[in-house]
Amino acid sequence: MKKFVLEGIARRRLEQAIAAYRQGEIDLSAAARHADTSVYHLLEELKARDITPEAANEKFLDGLRTLAELFNG
């Protein structure tokens, strides 16, 4: 019984995290923390639900641009 309750809580937290992420309330990292999972697992969940993490892609590209500027590249 305890296992089912804990699994239900984990699913609920994941659903809440994904909903908040989709609405732009939190970023990918915060959503993973809220769901108590890794960013990788959260990305896999988004992929399975056909949700494109556009904000994450843009932030990643911004980070690459910043690194390129820092290293004169």
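How many salt bridges does the structure hold? The structure holds 2 salt bridges, each a side-chain nitrogen of Lys or Arg within 4 Å of a carboxyl oxygen of Asp or Glu. The model is predicted, with local features needing pLDDT of at least 70 and side-chain atom pairs pLDDT 80 or more, while totals for chains, interfaces and linings use all residues. Residues are numbered from 1 along each chain, and side-chain values use heavy atoms, without hydrogens and water.

**Salt bridge**
- E15 and R49 pair through their side chains at 2.8 Å, N to O.
- This pair links distant parts of the chain, with E15 in helix α1 and R49 in the loop between α3 and α4 (54-70), 34 residues apart.

**Helix packing**
- Helices α1 (residues 2-22) and α3 (residues 39-48) (DSSP runs of H or I, at least four residues) pack at about 75°, their axes 12 Å apart.
- Therefore α1 is roughly perpendicular to α3 (65 to 115 degrees).
- L14, I18 and Y21 of α1 contact L42, E45 and L46 of α3 (heavy atoms within 4.5 Å).

**Surface**
- A nonpolar surface patch of M1, V5, L6 and I9 has about 440 Å² of accessible area together (Shrake-Rupley, 1.4 Å probe).
- Its members have over 30% relative accessible area and no salt bridge, with nonpolar side chains (Val, Leu, Ile, Met, Phe, Trp, Tyr) joined within 5 Å.

How values were computed: Axes are lines fitted to C-alpha atoms, for helices over the stretch in contact, and angles run from 0 to 180 degrees between N-to-C directions. Helices (H or I, at least four residues) and strands (E, at least two) are DSSP runs, numbered from the N terminus. Angles under 35 degrees count as roughly parallel, over 145 as roughly antiparallel, 65 to 115 as roughly perpendicular and the rest as oblique. Patches are made of residues with over 30% relative accessible area and no salt bridge: like charges are joined within 9 Å, nonpolar side chains (Val, Leu, Ile, Met, Phe, Trp, Tyr) within 5 Å.
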